[in-house]
Amino acid sequence: MTTTSEPVAEQVQAFLTERTRQTWARDTDLFAVGGVSSMFAMELVVHLESTFDIVIAGPDLALDNFRTVDGMTALVLRLREAEQ
Amino acid sequence: MLREEAEDFSLAVLGAGTMGLGISALAVGHGVPVTLVEADAARARQAPAAVTAQLRMAQLMNALPADREYGELTVTGSLAGAAGATVVIEAVTEDLTLKTKVLAQTAALTGAGVALVSNTSSIPIDELAGYLPDAARLIGTHFMNPPYLISTVEVVRGASTGEATLSAVTRLLGVLARRPVVVGDGPGFVTSRILHPMINDAARVVQEGTATAEAVDTLMRECLGHRTGPLRTADLIGLDNLADSLRVLAERTGDHRAAPCELLLDKVRDGHLGRKTGRGFYDYGKAQP
Ligand SMILES: NC(=O)c1ccc[n+]([C@@H]2O[C@H](COP(=O)([O-])OP(=O)(O)OC[C@H]3O[C@@H](n4cnc5c(N)ncnc54)[C@H](O)[C@@H]3O)[C@@H](O)[C@H]2O)c1
């Protein structure tokens, strides 16, 4: 099974909206605009791991991977690919 | 920095509370093997997962060297676990009787050349040293929460602290990539002496109904350049520990302003201790690492 980007991105956007009470474009830098604290990044890590059944570790565990919805989507897709 | 240098050290950390866990994560993440001693069985059980969570957070924040393997973490309920250590960092509850007991036992268990470091917030190092057979072995460090993100460490040199002790701690801080600022002794040293009464005043302003916690923190941040605001900082410290530290300060300085205010004591009585219990001046939903 391959995962396409659309449902993943939508899921991530929905989580962000729920937690921050604002909507986020796929390419907006969450940390740069001050809407999201870096402490929140860990919540994103844990959320992605449990929702998409992946383990984010080693060099993947870098803030840059969680800056945008697009970045997180690419990470999820890559880790899911690797699992199969 | 070579891994061998990190492995020259074998660190024992006493107490797996907010600071003991954070200091352990910092050390392990820099390749130093750690034996973490915790008296409370439930806390000891949770300690490995809590250290792992902090290591993940530290890695995410790019706060650890990429090229160093983690040091090994051993958790034990017995102080005897500290016996093989090259440096001991004491981070048990801020209580004179408890600390002096634990430090004296540790002094007897470890070699005469092993530096004993107290992470006390406010108790003067010379006062603690008075309970030890060899006062020269004791020194203070003041790691702050979270240790892996704060790269400067206040180091407290008591009148009787020995040169060898200071140099051992300086070398350890080098391996941990922390920058020491060495200061003299006194109640609360520099940072607690200034910060804790200020936080107490911030709580008093809320207690008197002058402003909400949000308003106090917003003004302190946006007008005065405080990084997080005093009451968010209080929640990060832990309100029980803050009250203990304020009591130590008030008793030793005679400054009534330092005596913990009613609102702070009420929150401690109600078990609202800040981030570690999920609620303090702010509501975090659940306990935060
Ligand atoms: N919280 C902070 O931000 C902060 C910052 C700097 C310094 N400090 C200082 O660091 C020390 C620890 O503070 P904390 O906030 O981690 O406290 P804490 O209450 O979170 O943790 C203290 C731990 O020590 C354990 N303990 C008690 N007696 C013990 C014993 N005999 N042997 C082993 N473990 C024992 C307790 O069970 C608890 O887990 C205090 O002296 C405090 O003043 C705290």
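How many residues surround the ligand, and which are the closest? The count is 26, and the closest are Glu38(B), Glu94(B), Lys99(B), Ser121(B) and Ile237(B); a residue is near a molecule if one of its heavy atoms lies within 4 Å of it.

Before going on, some ground rules. This is a predicted model, where local features need pLDDT of at least 70 and side-chain atom pairs count only at pLDDT 80 or more, while totals for chains, interfaces and linings use all residues. Residues are numbered from 1 along each chain as its sequence is written, chains are lettered from A and ligands numbered from 1 in the order in which they are written, and side-chain values use heavy atoms, with hydrogens and water left out.

Back to the ligand and its polar contacts (pairs of N or O atoms within 3.5 Å). One of its oxygen atoms is 2.5 Å from an N or O atom in the side chain of Glu94(B), and an oxygen atom of the ligand is 2.6 Å from an N or O atom in the side chain of Glu38(B). The protein covers 90% of the 840 Å² of accessible area that the ligand has on its own (Shrake-Rupley method, 1.4 Å probe).

Who builds that shell? Helix H2 (18–29) and helix H4 (96–109) of chain B are the elements that give two or more residues, and H4(B) gives the most, with 3. Helices here are DSSP runs (H or I) of at least four residues, and strands (E) of at least two, numbered from the N terminus. Domain 1 (2–183) and domain 2 (192–277) of chain B each supply at least three residues to the shell; these bounds come from an automatic or database domain assignment.

UniProt, in an unreviewed entry, places "domain: 3-hydroxyacyl-CoA dehydrogenase NAD binding" at residues 11–185 of chain B. That span is 37% helix and 20% strand. The feature "domain: 3-hydroxyacyl-CoA dehydrogenase C-terminal", also from an unreviewed UniProt entry, sits at residues 188–284 of chain B, a stretch with 60% helix and 0% strand. Such annotations may be inferred rather than shown by experiment.

Most residues other than glycine have a negative phi, and most peptide bonds are trans. Yet the bond from Asn145(B) to Pro146(B) is cis, with omega near -5 degrees, and Arg21(A), not a glycine, has a positive phi of about 55 degrees.

Methods:
A polar contact is a pair of N or O atoms within 3.5 Å; within protein, one must be able to donate a hydrogen and the other to accept it, and residues adjacent in sequence count only if both atoms are side-chain atoms.
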